Each structure stands twice: as C-alpha cells, then as structure tokens.
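Subject: Structure for you to look at

Hello,

Here is the structure I said I would pass on. Please open it next to this message and follow along.

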Amino acid sequence: MSTMIKNLSIGRRLALIMCFAFVMIIITETTGLVNSRRLANEINLGYEAITLPLKAIANARGEFNAMRTALHDLAFDFNTDEQNRRFTAEILRNLSNFEDNIILYKEILDIYGTNAPYEQEAVDYLYGMLLPLREYVEHIIPVAQRTGFEADVVRILRGGFHDAAEDISLELMLLTDILEAQSNDANLRAEAQFRDTVILFAVVLAVSMIILTLGTLVFARSIIKPLREITDTALDLSNGNLDTADIGFHSKNELGILADSFRHMIHGLKARELMISGITYASQIQRSLLPADSVFAEAFADHSVIWDPKDIVGGDIYWIKNFDGGAILCVCDCTGHGTPGALLTMLVVSTFETSVNETNYMDTAAVIWELEKRLTATLKVDADSDVKDGCDLAVVFIANDGTVSISSGNTNVFVCDGQKVSRLRGQRIRVGEGSVKGKDKIKVTTVPADPANKFYIASDGLYEQVGGEENIPFGYDIIKEIILENHAETQSVISEKIWRAFEAYRGDNARRDDLELITFIPKNGKEGTN
C-alpha cells in the first residue's frame with residue numbers, strides 16, 4: 001500500500017488528500033444540515049403544537065379564575081349599582097377571553113393532533129362546556145345583582161355551576177400538566193440533537209484537519225525545492241531578464257512538466273519579443289496612415305475622433321480628404337482585428353488614396369463600388385472562392401452647403417438635430433466579398449443641410465460589446481440618449497461621455513473588437529448656428 005501511494009504522481013497525491021477532506025466535509029455538512037433541519041422542525045413544532053396551546057391554557061385558567069372571583073364579589077357583597085355594572089362587565093370579559101383561548105387550543109390540536117389521548121378528551125369536554133357555562137353565567141348575573149336573594153345565588157353557585165366550574169378547573173389543571181410535560185420532553189430532544197450535532201461537527205472537523213495537515217506537509221516537502229527554482233525563474237521573467245532565466249530541474253512528474261513548460265515559454269517569449277517589436281513598428285505605420293487632425297479641422301466646424309484598437313494594431317481605419325466642393329469621409333471596419341485586420345486596412349486606405357478623385361468624390365456609391373472592384377480583384381474573389389475578407393463601412397460626402405450624402409454597408413450613422421436622434425442603418429452588404437453586383441445596387445441617403453445637425457459614426461466594436469447586469473450588447477439606446485441630452489456640448493465632450501458609458505457598461509468584460517467613433521458638425525451647419 002505504501003509503495004502504491006509513493007508511486008502516485010504529485011497531482012494524484014494532492015487529489016487523494018483533497019478528495020478525502022472533501023468527503024469528510026460533505027459528511028459533516030450533510031449530517032449538520034439534516035440535524036439542523038430536524039432541530040428547526042422540532043423547535044417549530046414545539047412552539048406551534050405545545051408552546052401556543054400551553055399559553056392558551058394558562059390564559060384560559062387565569063380568565064376562568066378571574067371570572068369566578070368576580071362572580072363571588074358580585075353575589076356576596078352589598079354593591080352599588082356602579083360596582084354591579086363593573087363586576088358584570090369584568091365577568092363577561094373574562095368569560096369571552098376564556099372562550100377565545102379554548103377555541104384557539106382546539107384549532108391547534110385539530111391541526112397537529114396529540115399523542116396523549118386524554119388531551120383530546122379534555123379539550124373536547126371544555127369546548128362542549130362553553131355554551132352551558134355561558135348560559136350559567138348569564139343566568140347568575142341578574143340574580144346576583146338583586147339584594148335579598150343571596151340564598152338563591154348560593155344555591156346556584158353551590159349547585160350545578162359549582163360542579164361544572166370545579167370540573168373545568170380540574171381539566172385546565174390537567175391539561176397544563178400534560179403540556180408542560182410535552183414541552184419539557186421537546187426541550188430535552190432539541191438539546192440532545194444540538195449536542196449530538198456539535199460533537200459530530202467537532203470530531204469530523206478535527207479528523208479532517210489532522211489528515212489534511214499531515215498530507216499538506218508531505219506534499220509541500222516534495223515540491224518546495226523545484227518550486228523555488230521555478231519561482232526564481234519567474235522573477236527573472238517578470239523583471240525582463242530573458243537572457244538569465246533558466247531552469248535546471250528535470251522530472252517526469254507534474255513539476256517536471258511545469259519546468260519544461262517554463263523552458264518552452266522562455267524560448268517563446270524571446271521569439272514573441274521579436275514579434276511584438278515588429279508589430280509595434282507596424283502599429284506606428286498604421287497610425288501614420290490616419291489623417292492628421294488638421295484635415296478634420298479644415299473640413300468641419302467641430303469634430304472628435306476616438307480610435308482604439310483591441311490589440312496593438314487593429315482592423316478599424318478612417319480616411320478623409322478635402323476637395324473644392326466639400327469633404328469625403330470613409331469610416332471602415334475591416335474583417336477581424338489585430339494583424340490580419342491591420343493588413344486589410346492598409347489595402348483599403350491605399351484604394352481610397354488611388355481611386356477617390358475629382359471625378360467621383362461627390363458620389364458615395366461610386367466610391368464604394370470602386371473599393372469593391374479593387375478589393376475583390378486584389379483578394380482574388382470569385383464565385384467559388386471561400387475568401388470572406390472585406391469591410392463594413394460608411395462613406396460620407398459633406399458638401400460645402402452642409403448637405404450630407406451617405407452610402408453605408410452594415411454601419412450605422414446617427415444624426416441629431418437637438419430634437420431627436422435618427423439612426424440611418426446601412427445596407428446589408430460587405431465590401432470586398434463579391435456580393436455587390438453594381439454601383440446601382442448601392443443606396444445613397446441625403447440629409448439636407450440643417451445648422452443643428454451633428455453626425456456620429458462608429459464601428460460595431462462599440463455596439464456589440466457585452467456587459468451590464470444582463471451581460472448583453474451595449475446597443476444603441478444609451479448612445480442615442482447621450483447624444484440627445486448633450487447636444488449643446490462640443491463633439492469632444494459628447495464623445496468622451498459615450499466612451500465613459502461604454503467602459504462603465506463593459507466593466508470587467510474583455511474587449512470584443514476594435515473601436516472607432518467619428519463625430520462631426522458640417523461647417524455650414526456650425527456657421528448657421530452662430
């Protein structure tokens with residue numbers, strides 16, 4: 001047995017110890033839960049089936065004795081009319097309270113039953129005596145109030161009423177004894193269950209802790225030394241000392257595998273360091289493709305740009321160029337993110353630079369059609385091709401008079417005039433996949449010049465980010481609300497509020513995609529507001 005345990009791997013040894021501890025914990029918790037439920041049921045049952053009836057009987061005895069005393073005072077004292085009225089009211093109140101407590105007792109007994117046969121008989125007797133008792137009392141009260149008729153009262157109180165009252169008092173006393181005995185028995189059972197539960201918890205917990213402690217010590221001794229070596233190597237890695245990081249420990253168990261993994265990781269980090277260096281340089285190249293802020297300032301009265309790739313480089317890109325008749329803006333979300341998306345953005349920007357000119361810059365459909373032809377040709381897309389690379393985009397022409405023309409594929413453009421926010425949805429097309437069959441298939445939406453108009457274009461990395469309490473996409477409603485409520489603010493302020501809302505909504509969730517948000521006010525529109 002000891003040889004078999006010795007040959008177990010470190011992971012299996014730990015698993016054996018943890019399984020045993022887990023089983024002991026489950027046994028302890030299950031036993032405790034069962035006993036706790038039994039104890040709770042015992043307490044609840046004792047309260048509802050014993051304590052409440054005991055309280056009802058105690059109250060009934062008190063009310064009954066008070067009623068008899070008040071009857072005696074009414075019958076054998078020379079009372080004034082006021083005293084007679086007071087005694088009469090007291091007798092009837094005591095009688096009513098006595099009846100209520102007996103009825104309550106019987107209702108509880110009908111629900112829970114009893115193990116004492118005499119208890120049911122006694123309650124039935126008392127319940128059956130309620131009407132005769134009231135008749136006795138109501139007959140005695142007017143007789144007792146008449147001076148000179150003491151003999152009649154004495155005869156009544158010492159006759160049938162006296163016998164019935166004595167029987168009732170005896171039954172009440174016996175019921176009190178029965179209920180007190182039941183209460184004591186229930187308390188003893190509850191105390192025994194509680195004591196057994198505490199003892200079982202203590203024993204099982206002590207055994208579990210001893211075994212777990214011994215197992216942990218044995219396990220710790222077998223891994224401390226190699227772990228120290230691995231830890232030292234990890235510190236070297238965290239400090240960036242890839243040249244000095246190395247592990248000499250070798251084994252066929254889990255720690256040996258971990259050491260081998262660290263060695264492979266060190267080699268991988270060295271290779272990755274070279275790769276990241278290259279990607280960082282590629283990021284610099286990609287950022288250099290982005291238009292300068294001065295180009296936006298020339299085209300618009302006010303604007304804001306947020307461009308935030310998920311990785312070092314990204315698949316979102318934007319491009320703008322000014323002409324004599326206005327400016328053309330292209331906001332693109334290329335397939336994928338990271339390096340593949342970044343490579344496609346370079347191709348898209350190159351296409352814009354070479355294809356958008358004085359002859360077609362006002363025609364947003366022509367610009368998209370030209371991009372479709374260039375991309376499909378470059379990516380060698382045909383009817384049988386499996387290539388699905390391309391881009392979602394919005395192409396916007398802003399005329400000098402403030403009129404805006406929009407052609408869009410799978411990209412939303414929001415327009416706000418301060419009174420409402422309109423969402424202009426793009427067509428269900430992706431440029432570069434070969435699905436667009438001609439320029440006439442591309443729609444153009446025209447937004448007439450309006451000094452109040454402000455425009456907002458974002459990639460789906462903004463809308464489709466999951467988060468919030470329900471872990472669903474960010475969507476459009478929050479964005480529309482921020483745009484409308486802050487219409488009087490500058491574009492940079494509005495964009496910053498959208499970004500903060502996005503980050504708060506995302507919370508701890510990882511970013512799903514690249515994100516870009518371009519907002520602007522046409523120059524003619526801004527000048528019109530002044």
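Which strands does helix α12 lie across, and at about what angle does the helix run to β6? Before the answer, note that this is a predicted model. Helix α12, residues 477-485, lies across β6, β7 and β9. The angle between the helix and β6 is about 30 degrees. Strand β9 covers residues 454-458.

The sheet under that helix

These strands belong to an open sheet of five, in the order β1-β12-β9-β6-β7, and the pairing is antiparallel. At the edges are β1 (300-308) and β7 (421-424), each of which pairs on one side only. On average, neighbouring strands in this sheet are turned by 15 degrees against each other, direction ignored. As background, the strands of a sheet pair through backbone hydrogen bonds, in either a parallel or an antiparallel way.

Strands β4 (residues 391-399) and β5 (residues 404-409) run antiparallel, with six bridges between them. One of the residues to look for is L393, whose bridge partner in β5 is G409.

A loop residue

Is S459 buried or exposed? S459 lies in the loop between β9 and α11 (460-463). Its relative accessible area is 4%, and buried means under 20%, so S459 counts as buried. Setting aside neighbours within four places in sequence, S459 is in contact with D316, D333, D514, L515 and E516.

A patch on the surface

Which residues form the nonpolar patch on the surface? They are Y118, L170, M173 and L174, and together they have about 300 Å² of accessible area. Helix α6 (residues 160-238) gives the most to this patch, with three residues. L174 lies in α6. With a relative accessible area of 30%, L174 is partly exposed.

The whole protein

The protein has 14 helices and 12 strands. Of its 530 residues, 41% are buried. The accessible surface comes to about 28,700 Å², and carbon and sulfur atoms account for 56% of that. How many of the contacts between residues at least 6 apart in sequence join residues at least 24 apart? The share is 73%.

After that, turn to S459 in the loop between β9 and α11.

Regards

Terms used:
Residues are numbered from 1 along each chain as its sequence is written. This is a predicted model: local features need pLDDT of at least 70, side-chain atom pairs count only at pLDDT 80 or more; totals for chains, interfaces and linings use all residues. Side-chain values use heavy atoms; hydrogens and water are left out. Helices (H or I, at least four residues) and strands (E, at least two) are DSSP runs, numbered from the N terminus. Buried means under 20% relative accessible area, exposed over 50%, partly exposed in between (1.4 Å probe, protein chains only). Contact means heavy atoms within 4.5 Å. Accessible areas come from the Shrake-Rupley method with a 1.4 Å probe; for residues, only the protein chains shown count as cover. Two strands pair if DSSP finds at least two bridges between them. Axes are lines fitted to C-alpha atoms, for helices over the stretch in contact, and angles run from 0 to 180 degrees between N-to-C directions. Patches are made of residues with over 30% relative accessible area and no salt bridge: like charges are joined within 9 Å, nonpolar side chains (Val, Leu, Ile, Met, Phe, Trp, Tyr) within 5 Å. A salt bridge is a side-chain nitrogen of Lys or Arg within 4 Å of a carboxyl oxygen of Asp or Glu.
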